[in-house]
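Keep the viewer open and follow along.

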Amino acid sequence: MHPAPQALRRLAPDRLRDDPRLRAIALGAGLIPPRTMHSEAEAAVLARLAAGARRVVELGVYEGSSAVVLCRALGPEAELHLVDPFIDASGWALPTGAKPSATATRLAVRRAARRGAPKVRWHIARSQDVGRTWKGGPVDVVFIDGDHSPEGCREDWERWHPHLAPAGAVCFHDARAGHADGRGSPGPTGVVGELFRAGDSGWTIVEEVDSLVVVRRRDA
């Protein structure tokens, strides 16, 4: 089933478009696409980093819009690990009033992963807990877009960057609040500022666009 035309979807009042139960039904059925949480420029960066990668991990999936981008960029021999508890315990992770459905999101991603897509592995759990016990092998790209609290984002970094392949990249979403042509959230912005703009972590910022910041090891 193809999503309803955008012009038709816009006719629905906000109270219907934002109703969590109705969104879950429509998303799961393919009547609406996942709500886009990234810009076109950010999607282009994610797709370019994923192209040729063997293993990508996304922390924070929501309705699956960026997972769809990654599915289309990765090859059939690659792995895409999607990590999300689908519960906003900190209150920082999701838009106000949002209550995503794991079932609906999985169905939306499955539709994007039908032909020539990577092997998709789901982890319905806290990203920090998955990172603490990770045995899935070296990761080429980690996309941090889950818990936006300062503590949660910092723990995502601490738990996941040790699993990076030598030339791997970590991408922070919503991490450029207050910067020229940037936007974002205070948590990820503060973590990136402390680690990579003011401190000497051994990592360096290699790319920035809109709210996205990409870092690699300095000697990579």
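## Aromatic pairs

Rings of Phe, Tyr and Trp (its six-membered ring) are taken as a pair if their centres lie within 6.5 Å; planes under 30 degrees apart count as stacked, over 60 as edge-to-face and the rest as tilted. On that basis, a search of the whole structure turns up six aromatic pairs. Bear in mind that this is a predicted model, where local features need pLDDT of at least 70, side-chain atom pairs count only at pLDDT 80 or more, and totals for chains, interfaces and linings use all residues. Residues are numbered from 1 along each chain as its sequence is written, and side-chain values use heavy atoms, with hydrogens and water left out.

Take Phe86 and Trp122: a tilted pair, 6.5 Å centre to centre with 35° between the planes. Phe86 sits in the loop between E2 and H6 and Trp122 in strand E3, so the pair ties together parts 36 residues apart in sequence. Helices (H or I, at least four residues) and strands (E, at least two) are DSSP runs, numbered from the N terminus. Both Phe86 and Trp122 are buried, meaning under 20% relative accessible area, with exposed being over 50% and partly exposed in between (1.4 Å probe, protein chains only). Phe172 and Phe196 make a tilted pair too, at 5.7 Å centre to centre and 55° between the planes. Phe172 is in strand E5 (residues 164-172) and Phe196 in helix H9 (residues 186-198), so this pair links parts 24 residues apart in sequence. Phe172, at 0% relative accessibility, counts as buried, and Phe196 does as well at 9%. Together with Trp157 and Trp203, Phe172 and Phe196 form one aromatic cluster.

## The sheet

Seven strands make up an open sheet in the order E3-E2-E1-E4-E5-E7-E6, with mixed pairing; two strands pair if DSSP finds at least two bridges between them. At the edges are E3 and strand E6 (203-209), each pairing on one side only.

E5 and E7 run antiparallel and are joined by four bridges. Look for Cys171 here: its bridge partner in E7 is Val214.

## The chain overall

All told, the chain has nine helices and seven strands. Its C-alpha atoms fill a box of roughly 50 × 40 × 30 Å along the principal axes. Buried residues account for 46% of the 220 residues in the chain. Among contacts between residues at least 6 apart in sequence, 70% join residues at least 24 apart.

Terms used. Contact means heavy atoms within 4.5 Å.
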